[in-house]
Every structure is written in C-alpha cells, then in structure tokens.
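These are my notebook entries on one model, kept in the order in which I looked things up.

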Amino acid sequence: MTELDTLMSDDFLNSLDVKSKDDKHHQQVSQPSWIKNEDHTTHRVWKAILKLKVTKELQIANFGKVADGKTPKSLYRMKKSEVALAVGVSAQSIFRSSTFSKDVLQFFDMVNKELLERYQREQKKQKSRLIATGVRTKKKDDLVLEVQDLRNKVRELECRQVKDTLDLVLSKMPIDLRRKLRM
C-alpha cells in the first residue's frame, strides 16, 4: 500500500471523526464533588451550566464589534432562569432552597466570572482593531510638512544620482573627446 492508500483507509478516516464541542468541553471539566450521581438534579444543573457556557462563549466570539451601552449583558452573562429552563426545575429550588444550592451558586458565579473575563478579552481585541492609523488620522499641517520633507529628499536623491552619472560618464569618456570639449 502506498501512503495515499493508508491515508484514505477507513481506519484513518474514522480516527479523524471529531466529537462535538459540547462533548469535548464536558470531558475537559472534571465533575465537582457536590454532584451526587448522573440521575440527580445536580448533574443536570451542572451539564446545563456547561452547555450554556459554551453557547455564551460562541456568542462572545461571534459578536465581532465594540460594545456600547446597547449591548445586552445576556451576551456574556448567564441568567439563573436560563439554567432553570434548561433543567426544567424552578430557579428558586436550584439556587436557594436545595441542599446543594450553595455549591451550585458558587459554580454558577465562577462560570459567569469566566465569561465576563473572556468577553473583556474579546472587547480588548476589538478595540485594538479600531485604533486609527493611516493618513486620515493626521492633521493637515502634519501631512503638508511630511509631503514637503519627502519632496526635498526626492530632489536631493535625484541630484545625487545625476552627479554620480555625470562623473561616471566623464571618467569613461575617451581622451580625444575630452580634449575637444576642453575638459
């Protein structure tokens, strides 16, 4: 088999099968100690928070402009009601009245803090892209001075090149021609 055949084999192509971002994200985050088991509400709440985090991160990455006063906070901040809606249990029972509420609330606040930091990093990138550069940002007086300096440099270089060329021509000129020109 050639290398191309090896690369086109089913085994190789199947090894390239990529899992979804949600699965990767859940595998990277270790399960906290306050989660009882996979059937318990705590596990569903934890999964819902992680899924919402992934969607918020995508929203932040796709926002692509500098924020203003009209930018909704829901872009980078999760709401307790969103988690409750995803789980199918009231926000009051998840975040206030259950035995695990304190731990869930801490995790929720930590994730919101991470989202805010990511949002601020993205905004910093967007603002750095908007830094004004080029001719349009300079004042007219500065531009006039800059153009005058450049024109003077060009004239000087042209004169230098003409003088060098004439010196070269004179040095290569035959002697009899020089005598006729009286040089």
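**Entry 1: Fold and basis**

Reading along the sequence, I noted the pattern α-α-α-α-α-α-α-α-α. The chain has nine helices and zero strands; these are DSSP runs, numbered from the N terminus, with helices (H or I) of at least four residues and strands (E) of at least two. The model is predicted, with local features requiring pLDDT of at least 70 and side-chain atom pairs counted only at pLDDT 80 or more, while totals for chains, interfaces and linings use all residues. Residues are numbered from 1 along each chain as its sequence is written, and side-chain values use heavy atoms, with hydrogens and water left out.

I then looked up burial for the 183 residues of the chain and found that 23% count as buried. Buried means under 20% relative accessible area, exposed over 50%, and partly exposed in between (1.4 Å probe, protein chains only). Of the contacts between residues at least 6 apart in sequence, 59% join residues at least 24 apart; contact means heavy atoms within 4.5 Å.

**Entry 2: The largest nonpolar core**

Which residues touch the most other members of the largest nonpolar core? I found Ile49, Val83 and Val104, out of 25 residues in that core. H4, H5, helix H6 (91-97) and H7 are the elements that give two or more residues to the core. Such a core is a set of buried Ala, Val, Leu, Ile, Met, Phe, Trp, Tyr and Cys residues joined through side-chain atoms within 4.5 Å. Neighbours within four places in sequence aside, I listed Met78, Val83, Val104, Phe107, Phe108 and Val111 as the contacts of Ile49.

**Entry 3: Helix H5**

I recorded Val83, Ala84 and Val87 as buried in H5. Down the axis of H5, the buried residues fall within an arc of 100°, so they line one face of the helix; the arc is that of the directions from the helix axis to the C-beta atoms. An α-helix has 3.6 residues a turn, so residues three or four places apart point the same way. The cover over the buried residues of H5 includes H4, H6 and H7. Leu85 and Ala86 are exposed, on the face of H5 turned away from its buried side. Just after H5, I noted a positive phi of about 90° at Gly88.

**Entry 4: Phe95 and Lys80**

Phe95 lies in helix H6 and is buried, with a relative accessible area of 2%. The charged end of Lys80 sits over the Phe95 ring, 5.7 Å from its centre; the criterion is NZ of Lys or CZ of Arg within 6 Å of the ring centre and within 35 degrees of the ring normal. The two residues are 15 apart along the chain, and their C-alpha atoms are separated by 7.8 Å.

**Entry 5: Aromatic pairs**

How many aromatic pairs does the structure hold? I counted three. The ring centres of Tyr76 and Tyr119 are 4.1 Å apart and the planes are at 20°, so the pair is stacked. Rings of Phe, Tyr and Trp (its six-membered ring) pair if their centres lie within 6.5 Å; planes under 30 degrees apart count as stacked, over 60 as edge-to-face and the rest as tilted. Tyr76 lies in the loop between helix H4 (41-63) and helix H5 (80-87) and Tyr119 in helix H7 (residues 101-129), so the pair ties together parts that are 43 residues apart in sequence. Both Tyr76 and Tyr119 are buried.
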